[in-house]
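Here is a briefing on aromatic rings and the charges over them. Look over the structure first, then read on.

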Amino acid sequence: MESLPTTTTKSEKRWRSKPIQTSKPSLLMALFSCLAWLYVAGRLWQDAENRTLLVGLLKKNTGQRPKILSIDEKLAVLGCKNLERRIVEVEMELTLAKSQGYLKNHLQQSGSSTSQLLAVIGVYTGFGSRLKRNVFRGSWMPRGEALRKLEERGVVIRFVIGRSANRGDSLDRNIDEENRSTKDFFILEDHEEAQEELPKKAKFFFSTAVQNWNAGFYVKVDDNIDLDLDGLIGLLEHRRGQNSSYIGCMKSGDVVADEGKPWYEPEWWKFGDEKSYFRHASGSLLILSKNLAQYVYVNSASLKTYAHDDISVGSWMMGLQTTYIDDNRFCCSSIRQDKVCSLA
């Protein structure tokens with residue numbers, strides 16, 4: 001039996017004649033699609049984590065937002081600011097009042113009278129000056145019972161000294177032992193006794209003395225002079241009650257600008273082109289009235305010191321309504337017969 005012939009179309013022939021093949025561009029496109037999908041998925045995941053973190057921070061900071069103040073609360077804040085400003089003004093007024101002499105005195109000396117003394121005389125001394133002190137005690141300065149009776153007349157005399165740089169060493173112990181015997185020291189506990197600290201000693205002396213004694217005058221005396229004590233007391237009695245008095249042998253002089261020379265002033269450039277000191281009382285013997293000593297006490301933290309104590313005190317007096325009393329009886333090198341001091 002013969003088979004019937006079969007017929008094929010042209011399209012079937014083309015389909016059979018070409019093998020099935022996948023093009024390379026299609027594979028590359030598929031690969032890039034997968035990579036793009038992975039990138040997008042990663043970014044979406046990262047964005048989701050960032051959103052979660054931001055939401056957490058937002059919730060955390062919600063309770064820290066500034067509080068909206070009510071009108072009453074704002075008024076209370078303004079009231080506090082006004083009160084603070086008023087406190088500052090009162091403190092300034094108090095400082096001014098103290099500097100003018102309106103200061104409540106706390107007399108710490110046992111047995112002292114509440115009435116005002118005439119003067120407190122501070123004689124500068126040092127650790128190595130015991131022989132000088134003994135000479136003074138045997139000449140113009142009373143001791144023992146005579147010193148106590150002088151205080152009853154209204155005049156206190158003390159040797160003024162600070163403490164050793166090595167607090168509590170043999171220098172301090174020797175002074176303490178001498179003071180227990182003579183009872184004529186005024187020890188500045190907060191001052192370091194040293195030559196380079198001498199300008200600060202004046203600040204500590206006037207500040208501490210005005211707290212310890214209620215006197216009309218505070219007198220600073222060097223330990224290289226002899227004093228006519230009765231003559232000094234007579235001059236102070238004559239000027240009792242004179243406020244704002246700055247008394248001494250007034251002088252001025254050239255500023256030494258050459259380092260290494262005696263009396264060298266490290267801050268010489270502050271004294272102008274002429275390099276001359278302003279008018280001031282000689283450091284051997286100078287006197288401040290009570291209200292000026294109180295001014296030093298109140299403003300001691302801000303008062304500038306120079307290389308010499310008399311220059312320092314003079315600079316403090318320049319900005320005040322001070323009465324300068326130039327009396328050459330306080331010039332220890334003077335040839336006057338009635339002078340109250342002379343070089344020892």
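**Aromatic contacts**

Lys201 places its charged end over the ring of Tyr124, 4.6 Å from the ring centre. Such a contact requires NZ of Lys or CZ of Arg within 6 Å of the ring centre and within 35 degrees of the ring normal. The model is predicted: local features need pLDDT of at least 70, side-chain atom pairs count only at pLDDT 80 or more, and totals for chains, interfaces and linings use all residues. Residues are numbered from 1 along each chain as its sequence is written, and side-chain values use heavy atoms, leaving out hydrogens and water.

**Charge over ring**
- Lys304 lies over the face of Tyr306, 5.6 Å from the ring centre.

**Ring pairs**
- Rings of Phe, Tyr and Trp (its six-membered ring) pair if their centres lie within 6.5 Å; planes under 30 degrees apart count as stacked, over 60 as edge-to-face and the rest as tilted.
- That rule gives eight aromatic pairs.
- Phe136 and Trp140 make a tilted pair, at 5.6 Å centre to centre and 50° between the planes.
- Phe136 is buried (under 20% relative accessible area; exposed is over 50%, partly exposed in between; 1.4 Å probe, protein chains only), at 3%.
- Trp140 is also buried, at 10%.
- Phe186 and Phe205 have ring centres 6.4 Å apart and planes at 70°, so this pair is edge-to-face.

- Phe186 in strand S3 (residues 185-192) and Phe205 in helix H7 (residues 198-212) are 19 residues apart, so the pair links distant parts of the chain.
- Helices (H or I, at least four residues) and strands (E, at least two) are DSSP runs, numbered from the N terminus.
- Phe186 and Phe205 are both buried.
- One aromatic cluster holds Tyr124, Phe186, Phe205, Phe206 and Trp213.
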